[in-house]
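Could you walk me through this model in the viewer, one selection at a time? Please tell me what to click on next and what sits there.

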There are 2 protein chains.
Amino acid sequence: MVDTFRAATAVTSVGDGRYTGRVAPGWDIVGNANGGYLLALASRAMAEAVGRPPLTVTGHFLAPGRAGPCEIEVRAIRMGRRTATASAVLRVEGTDVLALLGTFADPRLDPDAPSVVTVEPPDLPPLDECLRGGPPTLGDGPSFGDRVVCWYHPDDSGFALGEPSGSARMRAWCHFADEAPIDVFGLVLMADVLAPVVLNRPEFPPSWAPTLELTVHIRSHPAPGPVRGLFESRVIRNGVFEEDGVLFDAAGSVVAQSRQLALIPREPSF
Amino acid sequence: MVDTFRAATAVTSVGDGRYTGRVAPGWDIVGNANGGYLLALASRAMAEAVGRPPLTVTGHFLAPGRAGPCEIEVRAIRMGRRTATASAVLRVEGTDVLALLGTFADPRLDPDAPSVVTVEPPDLPPLDECLRGGPPTLGDGPSFGDRVVCWYHPDDSGFALGEPSGSARMRAWCHFADEAPIDVFGLVLMADVLAPVVLNRPEFPPSWAPTLELTVHIRSHPAPGPVRGLFESRVIRNGVFEEDGVLFDAAGSVVAQSRQLALIPREPSF
């Protein structure tokens, strides 16, 4: 089986902390590569450079990323015993698209430590009773909906039908269209695949909500199967909103948390 | 009036994006400078370099910071019309202590845009009916409690009395001891001045919870007066916890949101 996501985030070391890769077609929303995809792609280069998976990674978005060859320049800042910290810049055809800072370690830093988890998985109906949704597409090539499939809670799917639910919230099942397993890099992606939560508020047009910053914390390795996401915004103010996400694996465990700061949609439509 | 915080975060440009400053005494917890203080100090150099205040800043903590001369090396990554992005490293006596990545802009990006805020200020009794708390101190010099004063909700103050409340939550009023006004850099500090929320869970010893990463989003300029903080953790797992914070100004508006990833306390005590 071809793992489309793995292929689309493959990177090759060319020495001195530099990696080459490709912003692959079909991972875009109307031409601009998805932010979570770019964060996952660059995180893979950083993880290879420091030899550990991402634990917490932050990306600041500098310019839209189009499909094409890219370079990731990684700088290891600290190689510690338990964790390693690195920064990076992702460039597409000479343009800086994403700046990153991350700390890398296996999320099982102390698996025997006491667990206290007070957030519940979203109460989602079975996948096939949810609304399959995807972003708008342009042209004939592969689209984001051919890469990642999201099944929205019926109560949160109003945005897709021109009837915002009224709550800045999205709950959905998510998996790769090719059913490839979701690893920690897949979690980085899945932290940014749903429609912006503000689209379920009537004040905002159904358009692009440009992400300024996205931070993903990996909390565990996911069990096989689709992930469930719960995304909400509590503060939409001054033209900016935060979007908090929690991803649960098929077994119901928290596997990642995310927060992004984004601009409210401004264009009348896509 | 001397503004102690302003003086303790003053930086001087020495050219090429480099700034000198001082990790001032008294901003430490048993000898290690407070993380929010270090983030505020470095953010000030970054803000000066790009000519705008912090909107979202992320710091990864590399080593404890002791009092003494420091250098902040800032690199402007993108100078845009609406926002500017920069990275930085804070060095104390030659040791990299903190790596940062931030986007800078006035938080009033679009003050006329619709506001939707669904988080309420914590229901705190008047300041003088709360428990004044501070971290443990060492020696005779100025201590953190001489810099920042926190008044904890009676229901959350159990941690200080050896009787954890049972909820990984802290709610408190916070202000500078000298009653200096709290500006956006003060908000960066205040995002990390309360006791770690895990200290209100009986599973964890009353000790240091080393921050791996701290992100602060500035959402508005605060009205004069103390700020109210609500800090919680929902996922303590694998030896790591997230701590989410919301800061409200005296008028009850959200002025900042923060999230950190930290290691659970391990030592038997301070």
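A salt bridge here is a side-chain nitrogen of Lys or Arg within 4 Å of a carboxyl oxygen of Asp or Glu. Over all chains, a search of the whole structure finds 24 salt bridges. This is a predicted model, in which local features need pLDDT of at least 70 and side-chain atom pairs count only at pLDDT 80 or more, while totals for chains, interfaces and linings use all residues. Residues are numbered from 1 along each chain as its sequence is written, chains are lettered from A and ligands numbered from 1 in the order in which they are written, and side-chain values use heavy atoms, with hydrogens and water left out.

**Stop one: chain A.** Select D106(A) and R108(A), whose side chains meet in a salt bridge (2.8 Å, N to O). Then show R18(A), E71(A), E73(A), R91(A) and D96(A), which are linked in a network of salt bridges.

**Stop two: across the chains.** Pick R266(B) and D110(A): their salt bridge has its closest N and O atoms 3.0 Å apart. This pair crosses between chains, from the segment after strand 17 (254–263) of chain B to the loop between strand 8 (95–104) and strand 9 (116–117) of chain A. Strands are DSSP runs (E, at least two residues), numbered from the N terminus.

**Stop three: chain B.** Now select N32(B), in strand 4 (residues 32–33) of chain B. Its side chain makes a polar contact with the side chain of R66(B) (3.2 Å); such a contact is a pair of N or O atoms within 3.5 Å, where within protein one must be able to donate a hydrogen and the other to accept it, and residues adjacent in sequence count only if both atoms are side-chain atoms.

Terms used: Helix = DSSP H or I, 4+ residues; strand = E, 2+ residues; numbered from the N terminus.
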